[in-house]
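Please keep the sequence and the model in view while reading.

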Amino acid sequence: MFRKRFAGVVLALFAALSFAVSAAPSPKAGTVEHAPTVSLNAASDKVSLNTADATSLQLRLSGIGSTKAEAIVAYREANGPFKAVDELLEIKGIGSALLERNRAILTVD
């Protein structure tokens with residue numbers, strides 16, 4: 001009994017999925033859909049510790065949530081501009097592993 005119901009549910013899901021896919025609008029003939037363009041300019045891909053706001057830091061850096069992003073901005077406001085990326089280690093909650101995970105995209109320019 002259970003197998004028949006399960007099979008019926010699975011069949012209904014496949015039918016619904018099939019209908020949804022076939023009902024979706026298809027691109028016009030001769031057009032190509034493209035993924036969003038991502039800038040490959042190395043300078044623009046960097047995150048400046050001296051100019052980025054907390055939201056940008058949170059969105060762009062791996063392992064950085066709102067609390068750590070705000071702490072980075074607060075540190076900068078209290079101590080002046082960062083002179084080196086390694087200064088992040090002075091901020092509570094940011095250790096060497098977190099710094100290394102993000103080092104490639106960080107700058108102090």
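The face of α4 turned away from its buried side carries three exposed residues: Thr67, Glu77 and Ala78. Exposed means over 50% relative accessible area, buried under 20%, and partly exposed in between, with a 1.4 Å probe and protein chains only. The buried residues of α4 are Ala69, Ile72, Val73, Tyr75 and Arg76. Seen down the axis of α4, these fall within an arc of 155°, so they line one face of the helix. The arc is taken over the directions from the helix axis to the C-beta atoms.

What do the buried residues of α4 pack against? Their partner is α3, residues 54-60. Contact here means heavy atoms within 4.5 Å.

## Span and end of α4

Gly80 follows α4, and its phi is positive, near 85°.

## Ser62 in the loop

Ser62 sits in the loop between α3 and α4.

Leaving aside residues up to four places away in sequence, Ser62 touches Leu98, Arg101 and Asn102. Ser62 and Arg101 are 39 residues apart in sequence, yet 7.0 Å apart in space, C-alpha to C-alpha. Their side chains make a polar contact at 3.4 Å. A polar contact is a pair of N or O atoms within 3.5 Å; within protein, one must be able to donate a hydrogen and the other to accept it, and residues adjacent in sequence count only if both atoms are side-chain atoms.

## The chain as a whole

The chain has five helices and two strands. Their order along the sequence is α-α-β-α-α-α-β. Helices (H or I, at least four residues) and strands (E, at least two) are DSSP runs, numbered from the N terminus.

Of the 109 residues, 22% count as buried. Among contacts with a separation of 6 or more, 45% join residues 24 or more positions apart. The accessible surface is about 8200 Å², and 62% of it belongs to carbon and sulfur atoms. Areas come from the Shrake-Rupley method with a 1.4 Å probe.

## Basis

This is a predicted model: local features need pLDDT of at least 70, side-chain atom pairs count only at pLDDT 80 or more, and totals for chains, interfaces and linings use all residues. Residues are numbered from 1 along each chain as its sequence is written, and side-chain values use heavy atoms, with hydrogens and water left out.
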